[in-house]
Amino acid sequence: MSGTGRWGQRIRDRVAEGNMGELATELLKIAVANRNHWGGGWDEVLDALGALPAEQRSRLAGALVERYHSVGSASAARLNVLTLLGVVSRGLPADPLAAERRQHLDGLGRQYAYGYGARMDVLAEAELAAGRPLAPAVVAAFRRAGVDAYHPEYVVELMKKVTEPVLNVGEEWAEQAMRDGSAPDWQSLLSHLTAATASKPSARWDKRARALVEPLGDDSVRAAAVSWLALVGHPRTLPLEGPGYGADVNAVYDPYNANALRGLAWLVSLLPPHPATARALGALVETSLRKVAGLGPRNPKVANAAVFALSRLGGESALAELARLATRVTYKNTAKLLDGALQARATALGLSREEIENWPSRRTDSARWGEPVTTSER
């Protein structure tokens, strides 16, 4: 019999005996044996507990509470008890150790990432079932898990139940965007930005973005977006604790907010061209490619989204910004995108590549001699 099967049989024996105190003891032994990792078959134990009759779960909850107070305050067993209680107490009128549960969740909110096997989602589900919203920092932690390529399905299911705040707290640009965009129409627009998960926007994404901009006005959206982009890369407002190795987690973008940044770049490229927009996108490219020790460029995906936005923005300023970046960017993939964007512009304008690359100086010379430098920017 496998390890999980053997423990499962012992649990069934305790349940048959009706001895919830012994069952609680067995459960804590399991938590020690599996190192509080409830995946890989151990989740069957949690499922079995949730299926117990309410009367048995109520008695088991009481026994678990007793054991919580019997172990040291620094003991990992306390988190084990809270996890088990989250399953056992679901649907029961009592909400034992609620304050202690929130304390552990607050600790999660200070972490960049966490071990999925610990099933912290069980604690979060217990809070939601009690009618209490999760703290914004806790929501941010689960969202960061949700964009991880190896995220468990239960994190996705949990996040379907949480829609606020619309962006993750902890980054100055995102917090300012939420303050500026607190009205419902703005909230809808910010929410749409987080759906920017592909390398380029789809026609459907663009159509929805245009519809959301219409009631707000092009100028209003541009002004707000440019002000938010100016804050990207500022020190985190809520520093996070990392694993102690690898890149500094406080120097990288929040991965959930990074999708919104890509969406913000796409969004402004749908608005009429404007010099401020081009400058903001150019700065976003450079900020996103700034090197972080132990990682490399901070976020090439955001940088590439900004290059794409510049390539379709139109206008003299966008072209000049592309040409400027082409002389500065060394990151291979982004440099390739810049090269393609400049070549496409050169072909469309009937200019040589050299003339395009010298566009910033050409604009300066034109302005010096009083020649028009643009007909499409306001």
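This is a predicted model: local features need pLDDT of at least 70, side-chain atom pairs count only at pLDDT 80 or more; totals for chains, interfaces and linings use all residues.

Biologist: How many aromatic pairs does a search of the whole structure find?

Modeller: The search finds three aromatic pairs.

Biologist: Why is the pair of Trp186 and Trp228 called edge-to-face?

Modeller: The ring centres of Trp186 and Trp228 are 5.9 Å apart, and a pair needs centres within 6.5 Å. The planes stand at 70 degrees, so the pair is edge-to-face, the cut-off being over 60.

Biologist: Which parts of the chain does this pair link?

Modeller: Trp186 is in helix α11 (residues 184–193) and Trp228 in helix α13 (residues 218–229), distant parts with the two residues 42 apart. Both Trp186 and Trp228 are buried.

Biologist: What makes Trp205 and Trp266 an edge-to-face pair?

Modeller: Their centres are 5.1 Å apart, with 90 degrees between the planes; the limits are within 6.5 Å and over 60 degrees. Trp205 belongs to helix α12 (residues 203–213) and Trp266 to helix α14 (residues 255–268), so the pair ties together parts 61 residues apart in sequence.

Biologist: How do you know where the charged end of Arg119 sits?

Modeller: The charged end of Arg119 sits over the ring of Tyr154, 3.9 Å from its centre; the distance cut-off is within 6 Å. Arg78 lies over the face of Tyr68, at 4.4 Å from the ring centre.

Conventions:
Residues are numbered from 1 along each chain as its sequence is written. Side-chain values use heavy atoms; hydrogens and water are left out. Rings of Phe, Tyr and Trp (its six-membered ring) pair if their centres lie within 6.5 Å; planes under 30 degrees apart count as stacked, over 60 as edge-to-face and the rest as tilted. Helices (H or I, at least four residues) and strands (E, at least two) are DSSP runs, numbered from the N terminus. Buried means under 20% relative accessible area, exposed over 50%, partly exposed in between (1.4 Å probe, protein chains only). A charge sits over a ring if NZ of Lys or CZ of Arg is within 6 Å of the ring centre and within 35 degrees of the ring normal.
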